[in-house]
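Subject: Two-chain model for you to look over

Dear colleague,

I am handing over the structure below, and I would be grateful if you could read the notes that follow with it open beside you.

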Amino acid sequence: MTLLSLLLIGVSLVALVGGQLLLKRAMESTTGRGFAQRTFVISLLAGTLLMATSFFLTLGLLQRFDLSYLYPFQGLSVIFISIAAAVLLRERLTLPLIIGSILITAGVVLVSIS
Amino acid sequence: MPMNSEPRVQSFRFANPWVQVAVSTLCVTISELFLKRGAMATVHVSQTWAWTGLTGLASPLVWIGIIFVVLSFITWLYALRHLPLSRAFPASQAVHVLVPLSSWLVLGERITTIRWCGIALVLAGLALVAKPVATLEEKL
């Protein structure tokens, strides 16, 4: 486990969270204004690019580490995405939502380490 | 949050964003099964390029898997149109229940006790996250 690998895991997570936020923003913009507008096209492209970055970084990491070692980090994405959505997209986090997200994360970690 | 308080979707047709999340998750599960089968079928193709994963493209099963990945991505985008990300993304983690279960049922892989516990935890979490579905439906 080198510092570089930790950094790559971090970058892959940030790219996944950022990608999902951008995709959300892209699709949200279509509800009022349709698909032929700049916000949609730019957010969709940037979001897809970030998702692809995260995908290939994870693929590269998988060559060096066990899936069971990397997957718990992936499970953390649920918590990061909920927090990012609350802060950046102003989505409302309710208590059941927070508890549910924590349970799902714990479950994903268990499924992957077993 | 302006958008999810807007109940512009009707009943459990495809236009319902929760149905879209479910379809997207199912597509991921189906794709994983095809990719696994296709990957296993192409083990012999080339030792030199195996590490890239590209050798899998020699199998039609892998291409079917890719089609389902694309379908899941498109359905996911539509789901994001109306659902808050903080709800839709945790719900999409149902794949961590569906993939092990289908690996067990379809591929005959074994599930350990700890993994069953993990699956149970994810299910409990999903129940909490998806609870507002009931409220959303009532409003319509």
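This is a predicted model: local features need pLDDT of at least 70, side-chain atom pairs count only at pLDDT 80 or more; totals for chains, interfaces and linings use all residues.

B:Leu98 is 35 residues away from B:Trp63 along the chain, and the C-alpha atoms of the two are separated by 21 Å.

The two chains

Chain B holds 6 helices and 0 strands, so that its pattern, when read along the sequence, is α-α-α-α-α-α. Of the 140 residues in chain B, 37% are buried, and 72% of the contacts between residues at least 6 apart in sequence join residues at least 24 apart. Chain A has 4 helices and 0 strands, arranged along the sequence as α-α-α-α, and its C-alpha trace spans about 45 × 35 × 20 Å along the principal axes. In chain A, buried residues make up 37% of the 114 residues, and 72% of the contacts with a separation of 6 or more come from residues 24 or more positions apart.

Helix packing in chain B

Two packed helices are described by the angle between their axes and the distance between the axes. For helix H1 (residues 17–41) and helix H2 (residues 60–82) of chain B, the axes come within 7 Å and cross at roughly 160 degrees; H1(B) and H2(B) are therefore roughly antiparallel to each other. The crossing in which H1(B) passes H2(B) is left-handed, and the residues of this contact divide into 19 nonpolar, 8 polar and 2 charged.

Helix H3(B) deserves a separate look: 8 of its 8 residues are buried, so H3(B) is largely enclosed by the rest of the structure. The buried residues of H3(B) include B:Leu85, B:Arg87, B:Phe89 and B:Pro90.

Where the chains meet

The contact between the chains takes 29 residues from chain B and 32 residues from chain A. On the side of chain B that touches chain A, at least two residues each are supplied by H2, helix H3 (85–92), helix H4 (95–105) and helix H5 (113–129) of chain B, with H5(B) giving the most, at 12 residues. The residues on this side of chain B divide into 19 nonpolar, 6 polar and 4 charged.

In soluble globular proteins, nonpolar side chains tend to be buried together. The largest nonpolar core here has 37 residues, of which A:Ile81, B:Leu80, B:Ala88 and B:Val122 touch the most other members. Helix H1 (3–33), helix H3 (67–88) and helix H4 (95–113) of chain A, together with H1, H2, H3 and H5 of chain B, each supply at least two residues of this core. Leaving aside residues up to four places away in sequence, B:Val122 touches A:Ile104, A:Gly107, A:Val108 and A:Val111 in chain A, and B:Gln93, B:His96 and B:Val97 in chain B. There is also a second, separate core of 7 residues, among them B:Cys27, B:Leu33, B:Phe34 and B:Val62.

With best wishes

Notes:
Residues are numbered from 1 along each chain as its sequence is written. Chains are lettered from A and ligands numbered from 1 in the order in which they are written. Axes are lines fitted to C-alpha atoms, for helices over the stretch in contact, and angles run from 0 to 180 degrees between N-to-C directions. Angles under 35 degrees count as roughly parallel, over 145 as roughly antiparallel, 65 to 115 as roughly perpendicular and the rest as oblique. A crossing is left-handed if the near helix is turned anticlockwise from the far one by less than a right angle, and right-handed if clockwise. Ala, Val, Leu, Ile, Met, Phe, Trp, Tyr, Cys and Pro count as nonpolar, Asp, Glu, Lys and Arg as charged, and the others, Gly among them, as polar. Two residues are in contact if their C-beta atoms, placed from the backbone, lie within 7 Å. A residue is buried if 20 or more other C-beta atoms lie within 10 Å of its own, exposed if 12 or fewer, and partly exposed in between; C-beta atoms are placed from the backbone. A nonpolar core is a set of buried Ala, Val, Leu, Ile, Met, Phe, Trp, Tyr and Cys residues joined through C-beta atoms within 7 Å.
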